[in-house]
Amino acid sequence: MSARTRRLPGGVGPVVVAAARRTLGPRFIRHYISPLRPHAPAAEPPPESKVDALARELDDSLTIMLGYSPLNTRYHYNAVENSILEHFIERPPKPGMSVLDVGSGAGHWLDFYRSVLGASRVVGVELAPQVAEALQRKYQAVHELTVLHADVVDPLAVTPPFDVVNAIGVMFHIVEDARWERAVANLAGLLAPDGVMIVGGQFGPVTHDVGFRRSGDGDTMEVFKRLRSRRRWRSCAEAAGMRQVRYIHTRRSRMIDPPEANLLVFEGAR
């Protein structure tokens, strides 16, 4: 899930930001206005990277960011779980279903699909090798669960089909559009005829880069997060042989601002 670079933009003035905040709300500002403003380089790199910290301790909060509140983490995962349950309450899961989880992180969704939805076969895919190794150690005694170190942009060494492909908070890290399209097509090809792909993230009105790191030359920024619009997701899914069956707006308190994790649910070709 490679990053790319772009020229550092000239920025958006504070008056424009304040007016947009009042009109459109803070989340719109975060995703569609703030990325246009100049970003100062970090003073010092963190003593431990997010990936290294996650490999050392498989903790859900570390899948969001270093130092993230455990209570906010629990709230976020509960909210997303409820959205997934909303779908499966309306369309009950197949008994003993098989699940492919993309970007398994600390293993939260591996446990969720096994313990809550009764999956009998779960395969996790993790890009970071040290995190994949930590997950493999954690689940080495669980025979119905396998963790692969792999990139979903490439064909996966797994045996299809899967009743569910779960990709929560991960697909926006594939910032190159051609690679993202290949990843969607690869995952669609692993679905059972009546299987579903559940994608979690923010799906706004326009496709937009929102995650940046200043490059060493100071004139460009590395992009590591790209939000695609719902329309862009639908067209890509249709090209891969899927169709959108649901959009679920994950409900959250106005007092808490966890990562966005609305859901798009796609169904494989019958």
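Biologist: With which strand does S2 pair over three bridges, and in what sense?

Modeller: S2 pairs with S5, in the parallel sense. Keep in mind that this is a predicted model. Leucine 100 stands opposite valine 165 in S5.

Biologist: Which strand pairs with S2 over five bridges?

Modeller: That is strand S3, residues 121-126, and this pairing is parallel too. Here aspartate 101 stands opposite glycine 124.

Biologist: What unit do S2, helix H6 and S3 make?

Modeller: They make a right-handed β-α-β unit, with H6 at residues 108-115.

Biologist: How do I read the side chains of a strand?

Modeller: Start with the general idea. Side chains in a regular strand alternate between the two faces of the sheet. Now look at S2. Ser98, Leu100 and Val102 point one way, while Val99 and Asp101 point the other way.

Biologist: How many of the residues of S2 are buried?

Modeller: Five of the five, so S2 is largely enclosed by the rest of the structure.

Biologist: Is asparagine 166 buried or exposed?

Modeller: Buried means under 20% relative accessible area. Asparagine 166 has 0% relative accessibility, so it counts as buried.

Biologist: What is asparagine 166 in contact with, leaving aside its neighbours within four places in sequence?

Modeller: Its contacts include Leu100, Asp101 and Val102. Trp109, Tyr113, Ile84 and Ile198 are also in contact with asparagine 166.

Biologist: Let us turn to a helix. How do I read which way its residues point?

Modeller: An α-helix has 3.6 residues a turn, so residues three or four places apart point the same way. With that in mind, take H8. Its buried residues are Arg179, Trp180, Ala183, Val184, Leu187 and Ala188.

Biologist: What covers the buried residues of H8?

Modeller: The cover includes strands S2 (98-102), S5 (162-168) and S6 (191-201), along with helix H9 (230-239).

Biologist: What span should the twelve residues of H8 have, and what is found?

Modeller: At 1.5 Å a residue, H8 (residues 177-188) should span 16 Å. Its end C-alpha atoms are 16 Å apart, which agrees.

Biologist: Now rings. How is an aromatic pair described?

Modeller: Two values do it: the distance of the centres and the angle of the planes. A search of the whole structure finds six aromatic pairs. In one of them, tyrosine 77 and tryptophan 109 are 5.7 Å apart, centre to centre, with 50° between the planes. That pair is tilted.

Biologist: Which parts of the chain does this pair link?

Modeller: Distant parts. Tyrosine 77 is in helix H5 (residues 70-90) and tryptophan 109 is in helix H6, 32 residues apart. Tyrosine 77 is buried, and so is tryptophan 109.

Biologist: And what kind of aromatic pair do phenylalanine 112 and tyrosine 113 form?

Modeller: An edge-to-face pair, 5.3 Å centre to centre, with 85° between the planes. Phenylalanine 112 has 3% relative accessibility, so it counts as buried. Tyrosine 113 has 0%, so it counts as buried too.

Biologist: Which residues do ring pairs link into a cluster?

Modeller: Tyr77, Trp109, Phe112 and Tyr113.

Biologist: Which ring does the charged end of lysine 225 sit over?

Modeller: The ring of phenylalanine 172, 4.5 Å from its centre. Arginine 230 gives another case: its charged end sits over the ring of tyrosine 247, 3.8 Å from the centre.

Biologist: How do I read a peptide bond?

Modeller: Most peptide bonds are trans. Now check proline 160 and proline 161. A cis peptide bond joins them, with omega at about 5°. Proline 161 lies in the loop between strand S4 (145-149) and S5.

Biologist: Where is proline 259 found?

Modeller: In the loop between strand S9 (243-248) and strand S10 (262-267). Proline 259 has 23% relative accessibility, so it counts as partly exposed. Not counting residues up to four places away in sequence, it touches Ile64, Tyr68, His76 and Arg252.

Biologist: To finish, how many helices and strands does the protein have?

Modeller: Nine helices and ten strands. Of its 270 residues, 47% count as buried.

Technical notes
Residues numbered from 1 in each chain as written. Predicted model: local features only at pLDDT ≥ 70, side-chain atom pairs only at ≥ 80, totals over all residues. Heavy atoms only, no water. Helix = DSSP H or I, 4+ residues; strand = E, 2+ residues; numbered from the N terminus. Expected span 1.5 Å × (residues − 1). Buried < 20%, exposed > 50% of the residue type's maximum accessible area, 1.4 Å probe, protein only. Contact = heavy atoms within 4.5 Å. Pairing = 2+ DSSP bridges. Right-handed = clockwise from strand over helix to strand, strands pointing away. Phe/Tyr/Trp six-rings, centres within 6.5 Å; stacked < 30°, edge-to-face > 60°. Lys NZ or Arg CZ within 6 Å of the ring centre and 35° of its normal.
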